[in-house]
Amino acid sequence: MTAPSTPQVPPRSPSHVPGRPEGPVRLGGALAFLFWCACGIAALPLAGLFTLISALGVTGARSALFDSFAGAGVPQQVLRLGLMPQVVLFGWAVTMVVLTVARARIALLVLPWLLVLWLATTGYSQFAIRDAIAPDGADLGAFAALMPGLLAQAAGVAAFFGYFREGVRPQSFYRR
């Protein structure tokens, strides 16, 4: 009887770091999911704008947009405050798409901080909207009502921050 043979393990390169994939790192896993979500976040407002232009023409679209934002009334104020976080998130998405396609190392620093900016903007906007629509302004009840959502958003931003700081795929992908 002969002993079973031991499996042959291919030799590794001396520069291999355990936990990092060998060879060129491709867009995949959670990083690919984030990239495609950013593509959708960037494309949706552009599609809406182009649809508005195709329906009303350039002059009509410009007039509709400026008229909806003009004025000092509560509805216009709430509209402007509600769009602030969306504009920051759109900026993050466009930056994510451009820096990922370029495989720019700066993405590891810029993208998490842009989401922190989004978190601060959305927190401010939510409290400002609550203050604008409440008859006596925002109070402790508004704080209690908004905090669970803001904490959940903060947890998501912290997870993204940690993934870009410590994650194997982003570290390998953006550093080439």
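In what follows, Ala, Val, Leu, Ile, Met, Phe, Trp, Tyr, Cys and Pro count as nonpolar, Asp, Glu, Lys and Arg as charged, and the others, Gly among them, as polar. By these classes, the lining of the largest pocket has 9 nonpolar, 2 polar and no charged residues. This is a predicted model, in which local features need pLDDT of at least 70 and side-chain atom pairs count only at pLDDT 80 or more, while totals for chains, interfaces and linings use all residues. Residues are numbered from 1 along each chain as its sequence is written, and side-chain values use heavy atoms, with hydrogens and water left out.

**Overall architecture**

- The chain holds 5 helices and 0 strands, where helices (H or I, at least four residues) and strands (E, at least two) are DSSP runs numbered from the N terminus.
- Of the 176 residues in the chain, 25% are buried, a class that means under 20% relative accessible area, with exposed being over 50% and partly exposed in between (1.4 Å probe, protein chains only).
- Among the contacts with a separation of 6 or more, 71% are between residues 24 or more positions apart, contact meaning heavy atoms within 4.5 Å.

**The largest pocket**

- The lining residues, which have an atom within 4 Å of a point, include Ile41, Leu44, Pro45, Leu83, Gln86 and Phe90.
- Helices α1 (29-69) and α2 (74-102) each supply at least two residues of this lining, and the largest share, 6 residues, comes from α1.

**Aromatic pairs and a charge over a ring**

- The structure holds 8 aromatic pairs, counted where rings of Phe, Tyr and Trp (its six-membered ring) have centres within 6.5 Å, with planes under 30 degrees apart taken as stacked, over 60 as edge-to-face and the rest as tilted.
- The rings of Trp92 and Phe160 have centres 5.8 Å apart and planes at 75°, so this pair is edge-to-face.
- Because Trp92 lies in helix α2 and Phe160 in helix α4 (residues 140-166), the pair ties together parts that are 68 residues apart in sequence, and both residues are buried.
- Trp113 and Phe161 also form an edge-to-face pair, since their ring centres are 5.1 Å apart and their planes stand at 90°; this pair links helix α3 (residues 107-133) with helix α4 across 48 residues.
- Trp113 is partly exposed, with a relative accessible area of 49%, and Phe161, at 24%, is likewise partly exposed.
- One aromatic cluster is formed by Trp92, Phe160, Tyr163, Phe164, Phe173 and Tyr174.
- Arg103 lies over the face of Phe173, at 4.1 Å from the ring centre, the criterion being NZ of Lys or CZ of Arg within 6 Å of the ring centre and within 35 degrees of the ring normal.

- In helix α5 (residues 168-175), Pro170, Gln171, Ser172, Phe173 and Tyr174 are buried, and what covers them includes α1, α2, α3 and α4.
- Helix α5 is followed by Arg176, whose phi is positive, near 50°.
- Thr121, in helix α3, counts as buried at 11% relative accessibility, and, leaving aside neighbours within four places in sequence, Thr121 is in contact with Met84, Pro85 and Val88.

Definitions and conventions
1 Å grid on protein atoms, 1.4 Å probe; cavity = no way out; pocket = protein on both sides within 12 Å on 5 of 7 lines; lining within 4 Å.
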